[in-house]
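Subject: A structure for you to explore

Hi there,

Here is the structure I promised to pass on to you. Please open it next to this email, and then read on for what turned up in it.

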Amino acid sequence: MLELRREIASYLKRRFDLSYDYTSQVLVTVGGSEAIDLSLRCLVNPGDEVIIPVPSFVCYGPLTEMAGGVPVYVELKAENEFRLTPEQLKAAITPKTKVLVLPFPCNPTGGIMERADLEALVPVLEGTDIMIVSDEIYAELTYGQHHISPANLTQLYDRTVVVNGFSKSHAMTGWRMGYVCAPKHRGHAQRGRGHRPHAGGV
């Protein structure tokens, strides 16, 4: 429904200052899980590696494998307040890395990534083709501060696919309504034989 996509775009702009064209950059899905599944299927070719911080949602790994990818788990540490550090990210990246999952705010740890934490990842990602799948289903469940998406950073907007939904923020679990928002296709040459589009507009 175009009206629903328009309202989702309006909500994201109003609440999180995220700008998406509802006619081409917003796709409604059967819950957030389908949004994650579709994102990984679009971005991952067989053998591509997907970096997954853990503990986090248990389906990231299986969905990666269903897309033909290889999960690479990064154990988050309590001493870092369960945030992904640039050192951990850099150590996990290989020539096969295609996607970084950012599950923040995170269930079950409660960990969040503040703007400074996200900015610290920018130099690590620069010069790579790594895309971010940012699962923001708990974006409204932050307390005492405002949620910051990787897509709020100019340097990360074009490589971030935002996943969200209504089940947590609106207590509408049974409705199975989620959505995914993606940057417009940049149209540049892709690395690798038979590579899928880098990040098409949805």
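Let's begin with helix α2. With 13 residues at 1.5 Å a residue, α2 should span 18 Å, and its end C-alpha atoms are 19 Å apart, which agrees. The expected span is 1.5 Å times one less than the number of residues in the helix. Helices here are DSSP runs of H or I with at least four residues, strands are runs of E with at least two, and both are numbered from the N terminus.

Before going further, please keep in mind that this is a predicted model, where local features need pLDDT of at least 70 and side-chain atom pairs count only at pLDDT 80 or more, while totals for chains, interfaces and linings use all residues. Residues are numbered from 1 along each chain as its sequence is written, and side-chain values use heavy atoms, with hydrogens and water left out.

Back to α2: its buried residues are G31, G32, A35, I36, D37, S39, L40 and L43. "Buried" means under 20% relative accessible area, "exposed" means over 50%, and "partly exposed" is in between, using a 1.4 Å probe and protein chains only.

**The pocket**

Helix α2 (residues 31-43) also gives the largest share of the lining of the largest pocket, namely four residues. How big is the volume of this pocket? It is about 320 Å³. Of the 20 residues that line the pocket, S33, F57, D135, I137 and K168 are the closest to its centre. The lining divides into ten nonpolar, seven polar and three charged residues.

Some terms need explaining here. Rolling a probe the size of a water molecule over the atoms shows where empty space is left. On a 1 Å grid over the protein atoms alone, a pocket is an open set of points where a 1.4 Å probe fits, with protein on both sides within 12 Å along at least five of seven lines; lining residues have an atom within 4 Å of a point. Grid points are joined across faces, edges and corners, and the volume is the space filled by probe spheres set on the points. Nonpolar covers Ala, Val, Leu, Ile, Met, Phe, Trp, Tyr, Cys and Pro; charged covers Asp, Glu, Lys and Arg; the others, Gly among them, are polar.

**The strands**

Is strand β5 (residues 131-135) buried or exposed? Five of its five residues are buried, so β5 is largely enclosed by the rest of the structure. Both of its faces are covered, with M131, V133 and D135 buried on one side and I132 and S134 on the other.

Now look at the partners of β5. Strand β4 (residues 97-102) pairs with β5 in the parallel sense over four bridges; two strands pair if DSSP finds at least two bridges between them. Here V99 stands opposite M131 in β5. Strand β6 (residues 160-165) also runs parallel to β5, joined to it by four bridges, and S134 stands opposite V162 in β6.

Six of the six residues of β4 are buried, so this strand is largely enclosed by the rest of the structure. β4 pairs with β2 too, in the parallel sense over three bridges, and L100 in β4 is the bridge partner of I51.

β4, helix α5 (residues 115-125) and β5 make a right-handed β-α-β unit. Right-handed means that, with the strands pointing away from the viewer, the path from the first strand over the helix to the second runs clockwise.

**The loops**

P55 lies in the loop between β2 (49-54) and α3 (60-66). The bond from F104 to P105 is also cis, with omega near -5 degrees, and P105 is in the loop between β4 and α5.

D17, in the loop between α1 (2-16) and β1 (26-30), has phi near 55 degrees, a positive value in a residue other than glycine. D17 is exposed, with a relative accessible area of 52%. R176 has a positive phi as well, near 50 degrees. R176 sits in the loop between β6 and β7 (177-181) and, at 36% relative accessibility, counts as partly exposed.

A171 is found in the loop between β6 and β7 and is exposed, with a relative accessible area of 68%.

Happy exploring!
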